[in-house]
Amino acid sequence: MRWTDFPKWGRYVADWAADYHAGLRTRPVRAQTKPGEIAAQLAANAPEQGQPVEEVIADFERIVLPGITHWQHPRFFAYFPSNASPAAVLADFFTTVMAPQCMLWQTSPAATEMETRMMGWLRDALGLPTAFHGVIQDSASGATLAAVLTMRERTLNWAGNQQGLSGQARLRVYASEEVHSSVDRAIWIAGIGQDNLVRIPTHGPLRAMDPAALDAAIKADIAAGHTPAGVIACTGGTGTGACDDISAVCDVAADHGLYTHVDAAWAGSAMLCEEFRTLWAGVEKADSVVLNPHKWMGTQFDLSAHFVRAPEDLTRTLAIQPEYLKTHGKDGIINYSEWSVPLGRRFRALKLWFLFRTYGLEGLRTMLRNHVAWSEELCARLRETPDFEIITPPVLSLFTFRYAPRGASDLDTLNQRLVDTVNDDGRIYITQTRTQGALVIRFQAGQFDATRDDVVMAYDVITELAATL
Ligand SMILES: *Cc1c(COP(=O)(O)O)cnc(C)c1O
């Protein structure tokens with residue numbers, strides 16, 4: 001295939017995209033295939049000779065599409081959203097066609113300068129102070145890893161990268177049980193070790209880490225001769241939306257000179273709306289914050305916004321300048337690859353520019369507020385429905401519930417059966433989580449094209465199928 005063939009197939013894909021979205025409600029949300037079913041239809045080896053693109057596209061529709069779980073389906077209520085707004089898809093199309101590597105300013109000045117400006121727009125729109133400087137990371141996992149490496153190096157007085165970790169002080173990092181597994185992996189990769197991730201008990205309806213317990217744990221570690229390095233707090237934990245008291249956590253951390261990183265990967269997008277910002281009150285005191293516009297906001301994976309108070313600490317941790325990467329005589333320019341673990345980087349900021357300009361902040365706020373209101377409405381209806389109980393009330397658009405008919409003995413098994421039955425049915429998609437030992441059903445509304453009717457439909461599907469168990 002040549003670029004001269006591209007207009008024909010590019011138009012085909014554009015038409016396909018519009019048809020796909022128009023017809024999404026008629027497809028099952030979760031792929032209804034069995035393990036190995038797709039692999040069995042794929043050739044065992046790569047072809048020696050090229051094949052016509054129409055054959056490849058036909059096979060895509062025949063073989064691949066049935067094995068796709070439709071994250072853009074308006075009745076996707078599982079996990080967290082992974083929204084691809086049409087405007088951001090267009091931006092990605094332009095970016096992919098040019099495929100620039102945006103590791104240094106000079107390898108595409110527009111990408112660097114756009115990134116700085118878009119992170120400024122986003123920071124201001126979220127109500128974060130101008131003391132924060134933003135960088136786009138591939139994922140919240142990548143941002144949290146960068147934060148953990150920074151807290152490690154800062155605490156070791158920048159000796160870890162040079163000398164390695166053996167013989168260094170035993171570092172300790174603090175977080176509640178509600179943080180995402182990406183925190184554990186950052187601790188592993190940073191060489192700190194799972195045993196040194198200290199779990200702080202939570203309290204209250206938001207499952208917030210207890211600041212007094214945090215303070216006590218830090219003091220006990222110091223007394224034991226360990227070296228506290230930092231705290232990872234969360235706003236909107238993955239299981240039930242747990243929110244730490246960021247202000248109190250930052251105050252305790254500051255008393256001991258520790259670094260604080262806030263993981264708001266999902267919930268952070270909602271902070272475009274002023275009324276939700278109480279959930280992360282005190283965030284201005286943190287050393288770094290991560291949120292994923294590639295979740296709720298509509299700039300499809302990957303686009304994770306990482307705000308740091310001291311970029312020089314981040315680059316002191318991650319920058320490396322072999323001769324071929326030196327950009328002589330360009331004082332004052334930013335090379336964003338020095339702010340992240342991978343060297344190569346896509347031109348991701350273009351997605352935010354297209355998103356903000358086409359929908360406006362007000363358009364995005366309306367979407368976020370609708371999702372929260374519809375989710376609260378569904379929660380209220382389930383609360384009034386016999387045999388259903390709400391386990392954790394809505395944090396933004398996420399709540400958990402359980403089907404608990406009178407006399408039922410094994411509620412965990414019953415609720416897993418309800419989740420499976422609902423997902424096999426295909427009209428909606430939900431997932432389960434465990435909270436305080438119990439298996440519960442998670443519901444979040446956040447899909448870009450979801451309507452109130454889609455959320456109302458979830459009530460009908462859940463109650464109808466529960467009655468058949
Ligand atoms: C989704 C999520 C993550 C991981 O995000 P990636 O961008 O996929 O790495 C981390 N923390 C929280 C709270 C999340 O919801």
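How far is a nitrogen atom of the ligand from an N or O atom in the side chain of D263? The distance is 2.6 Å. This is a predicted model, in which local features need pLDDT of at least 70 and side-chain atom pairs count only at pLDDT 80 or more, while totals for chains, interfaces and linings use all residues. Residues are numbered from 1 along each chain as its sequence is written, and side-chain values use heavy atoms, with hydrogens and water left out.

**The ligand**

Around the ligand there are 14 residues, the closest being A140, S141, D263, N292 and K295; a residue counts here if one of its heavy atoms lies within 4 Å of the ligand.

| Residue | Residue atom | Ligand atom | Distance |
|---|---|---|---|
| A140 | polar backbone atom | oxygen | 2.8 Å |
| D263 | N or O atom in the side chain | nitrogen | 2.6 Å |
| H294 | polar side-chain atom | oxygen | 3.1 Å |

On its own the ligand has 390 Å² of accessible area (Shrake-Rupley method, 1.4 Å probe), and the protein covers 87% of that area.

**The two domains**

The chain is divided into domain 1 (101-346) and domain 2 (360-466), with bounds from an automatic or database domain assignment. Their C-alpha centres lie 31 Å apart. Domain 1 and domain 2 each give 21 residues to the contact, which means heavy atoms within 4.5 Å. About 1,800 Å² is buried between the domains, 68% of it from carbon and sulfur atoms; buried area is the accessible area (1.4 Å probe) that two parts lose on being put together, summed over both.

Across this interface there is 1 salt bridge, defined as a side-chain nitrogen of Lys or Arg within 4 Å of a carboxyl oxygen of Asp or Glu.

Key. A polar contact is a pair of N or O atoms within 3.5 Å; within protein, one must be able to donate a hydrogen and the other to accept it, and residues adjacent in sequence count only if both atoms are side-chain atoms.
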